[in-house]
Amino acid sequence: VLKQDVTVLKQDVAVLKQDVAILKQDVAILKQDVAILKQDVAMLKKDMVYLKGEFGRFKGKDYERTIRERYYAYFGKILRKSKLVQFEEILPILDDAEEKGLITEDQRDSVLNLDILLRGQIKSTQKLVILGIEVSYSLHKDDIERAIERAQVLAHVLREEVIPTVVTAEVKEDIEKLADEKGVFLIKVNY
């Protein structure tokens, strides 16, 4: 009986050894699969970062286009007789100012990167002004600084009042406070 038990145990151990060998092979395959999955996940993460950036740029451009196309809806509460100023109208003025040394080439180029120029009368005072408008879906400090700098250059060249203006859908409280402190007209527009 003992010999039979030993024989059965030997057979069981042989089967277990085969099972362990198969498991080792399976584990090796799983390790390879996990390594491939890790590479794929890393690639997907990079792709997601890229797509988020692209989507943000697309959303920002669409937001800007919406504001430009429907400016009368967004600025009609504060301005009468509002009209988009085409950059072709101010380009010769900027070029002349640069040639005369009143502004630098960088300042000229910066003004030309304003998102929107809008001329109109302030409803409450009837005063004629130009809004130098920066449109940014998510407003940051540099958007405010850019709006101020561009409005100052434009006011200097045109010898008209140019109000630095920012339009945004998202703004943090500290940035909103900064805009107010610096005299930047801020409009929040849902999107």
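Is arginine 159 buried or exposed? Arginine 159 counts as exposed, because its relative accessibility is 71% and the cut-off for exposed is over 50%. The model is predicted.

**Backbone angles**

- Most residues other than glycine have a negative phi.
- Arginine 159 has a positive phi, near 55°, and is a residue other than glycine.
- Arginine 159 sits in the loop between α5 (141-158) and β4 (162-170).
- Lysine 81 is not a glycine either, and its phi is positive at about 50°.
- Lysine 81 belongs to strand β1, which covers residues 79-84.
- Lysine 81 is exposed, because its relative accessible area is 68%.

**A buried glutamate**

- Glutamate 134 is found in strand β3 (residues 128-138).
- With a relative accessible area of 5%, glutamate 134 is buried, because buried means under 20%.
- Leaving aside residues up to four places away in sequence, glutamate 134 touches a list of residues including Asn113, Asp115, Arg146, Arg150 and Val166.

**Helices α3 and α5**

- Two packed helices are described by the angle between their axes and the distance between the axes.
- The axes of α3 (residues 87-99) and α5 come within 10 Å and cross at roughly 85°.
- Helix α3 is therefore roughly perpendicular to α5.
- On the α3 side, the contact involves Ile90, Ile93, Leu94 and Ala97, which meet Leu154, Val157 and Leu158 in α5.
- The residues of this contact between α3 and α5 are seven nonpolar, no polar and no charged.

Key:
Residues numbered from 1 in each chain as written. Predicted model: local features only at pLDDT ≥ 70, side-chain atom pairs only at ≥ 80, totals over all residues. Heavy atoms only, no water. Helix = DSSP H or I, 4+ residues; strand = E, 2+ residues; numbered from the N terminus. Buried < 20%, exposed > 50% of the residue type's maximum accessible area, 1.4 Å probe, protein only. Contact = heavy atoms within 4.5 Å. Axes fitted to C-alpha atoms, helices over the stretch in contact; angles between N-to-C directions. Parallel < 35°, antiparallel > 145°, perpendicular 65-115°, else oblique. Nonpolar A, V, L, I, M, F, W, Y, C, P; charged D, E, K, R; others polar.
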